[in-house]
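Colleague: I would like to learn how to read the features of a model like this one. Could you take me through a few of them?

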Amino acid sequence: ATHFLMLTSLKISLMQLLLPQAAAFLINHRYGCHYSPPRSLAAPRATSTLDDPNIQHINQLLMDKKQELLDGLLDDPSNLNEQSPLSIVAADNDLRDTFLTTEQRVYETLLSSRLDLPFLNRAIVGPSEIEGAGRGLFAAEDIKEGDVITCYPGDALLCELPSTDEGGEGDPSDLEDDENEAVDEVVLWGRHVPKGDRWDDDTVFDGSKSSPPLTSYAVTMSDVYSVMGHPSLDDNPAYIGHFANDGAGHLAYEMPDSPRNIEASLELGLDTESSEFGVEDNIAAYVLKSFDVANAMHQPVDDDEFHMVTVAIRDIKKGEEILVTYGPDYWISDYAGHIADAEDDS
């Protein structure tokens, strides 16, 4: 509880530090922001993809798939159920069958599907140039600003439902009930994911000795759904957006007086000699540095939000590592997980 209060206070302090420059929007959203930092550091922004024929092609395939799913219902209502994502917990599936609408099931099916996109072959996975980052995403060709690089897969969906436990006040069928604070998180696996690669819920949320939590690959799509890419599914260049690293994530872990943090802070004009210089400044340095080095961002493919794509926010040269901004919430949550793991081991 002490660590939770400390991290909550940290978030509030960070918002107070950056609010004068309207960065609170960033803290509440993992991508897309209206922050105008000093010293000519530009924040990542959604870039129009209308000129990229690939985005038009993806949209058309999604619409065709949607129509195919609806037409299949006329022949056999079970066709949709056989293609929609499932939890490995039978009780979760039984509960969802009692309230899930056709529209919701179609949406989940499209969000968790991997389409055949042979034309989307612009990136490869390889060893990251960032120390300790493991694998990373690299441009396989020159990519123009605004072009779609790859898709961010929904190999698994993280779905929030109003809790049905005793004390929960929500109706599980009301997925948009913002008044209900108690929620259950259900993990839904896309049908294309081999059964042997579908992790149990403990591994999804807590990880294992060999793998980080699958939730560390989660990108928010809406208030209800997040998409998660599976680290073992790395051979399809059309769906490897989950391997893009944050180019400044190391700053979020380092102490305020570390050499690299001091260097980044000085670049941002922060007073490193002040007695009040501390962890809030450390995260501020991360935010601005991450904006500075990012060359791509994850965003919904269109207003229907049937797919997530990774889009170039500036021109990217062949061989260049593709970097995005995870946002401070990601690193604060990740740091909290490390604290919890350390306590469990002690």
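This is a predicted model: local features need pLDDT of at least 70, side-chain atom pairs count only at pLDDT 80 or more; totals for chains, interfaces and linings use all residues.

Colleague: Let us begin with the core. Which residues touch the most other members of the largest nonpolar core?

Modeller: Ile58, Leu117, Trp189, Leu214 and Met228 do, in a core of 46 residues. Several elements give two or more residues to this core, including helix H3 (53-75), helix H6 (102-111), strand S5 (183-189) and strand S7 (225-228). S4 supplies the largest share, five residues.

Colleague: What is Trp189 in contact with, leaving aside its neighbours within four places in sequence?

Modeller: Its contacts include Pro85, Leu86 and Ile88, then Asp155 and Ala156, then Asp197, Arg198 and Trp199, and also Leu214 and His230. Another core lies apart from the largest one. That other core has 19 residues, among them Ile149, Val287, Ile316 and Val324.

Colleague: Now the sheet. What is the strand order in the open sheet of three strands?

Modeller: The order is S3-S10-S9, and the pairing is antiparallel. S3 and strand S9 (296-300) are the edge strands, each pairing on one side only. From one strand to the next, the twist averages 30°.

Colleague: How many bridges join S3 and S10?

Modeller: Four bridges, in the antiparallel sense.

Colleague: Next, loop residues. Where is Ile88 found, and what does it touch beyond four places away in sequence?

Modeller: Ile88 is in the loop between helix H4 (78-83) and helix H5 (90-97). Ile88 touches Trp189, Arg198, Trp199, Asp200 and Asp201. Take Asp201: it is 113 residues from Ile88 in sequence, yet the C-alpha atoms are 8.4 Å apart.

Colleague: Is Ile88 buried, exposed or partly exposed?

Modeller: Partly exposed, because its relative accessibility is 42%, and that class runs between the cut-offs of 20% and 50%.

Colleague: And Ala133: where is its place, and which residues does it touch?

Modeller: Ala133 sits in the loop between strand S1 (123-127) and strand S2 (135-139). Not counting residues up to four places away, Ala133 touches Ser128 and Asn245. Ala133 and Gly247 are 114 residues apart in sequence and 9.4 Å apart in space, C-alpha to C-alpha. With a relative accessibility of 28%, Ala133 also counts as partly exposed.

Colleague: Last, the rings. What describes a pair of aromatic rings?

Modeller: The distance of the centres and the angle of the planes describe such a pair. Here the count comes to two aromatic pairs. In one of them, Tyr107 and Tyr225 are 5.3 Å apart centre to centre, with 55° between the planes, and the pair is tilted. Tyr107 is in helix H6 and Tyr225 in strand S7, 118 residues apart, so this pair links distant parts of the chain.

Notes
Residues are numbered from 1 along each chain as its sequence is written. Side-chain values use heavy atoms; hydrogens and water are left out. A nonpolar core is a set of buried Ala, Val, Leu, Ile, Met, Phe, Trp, Tyr and Cys residues joined through side-chain atoms within 4.5 Å. Buried means under 20% relative accessible area, exposed over 50%, partly exposed in between (1.4 Å probe, protein chains only). Contact means heavy atoms within 4.5 Å. Two strands pair if DSSP finds at least two bridges between them. Axes are lines fitted to C-alpha atoms, for helices over the stretch in contact, and angles run from 0 to 180 degrees between N-to-C directions. Rings of Phe, Tyr and Trp (its six-membered ring) pair if their centres lie within 6.5 Å; planes under 30 degrees apart count as stacked, over 60 as edge-to-face and the rest as tilted.
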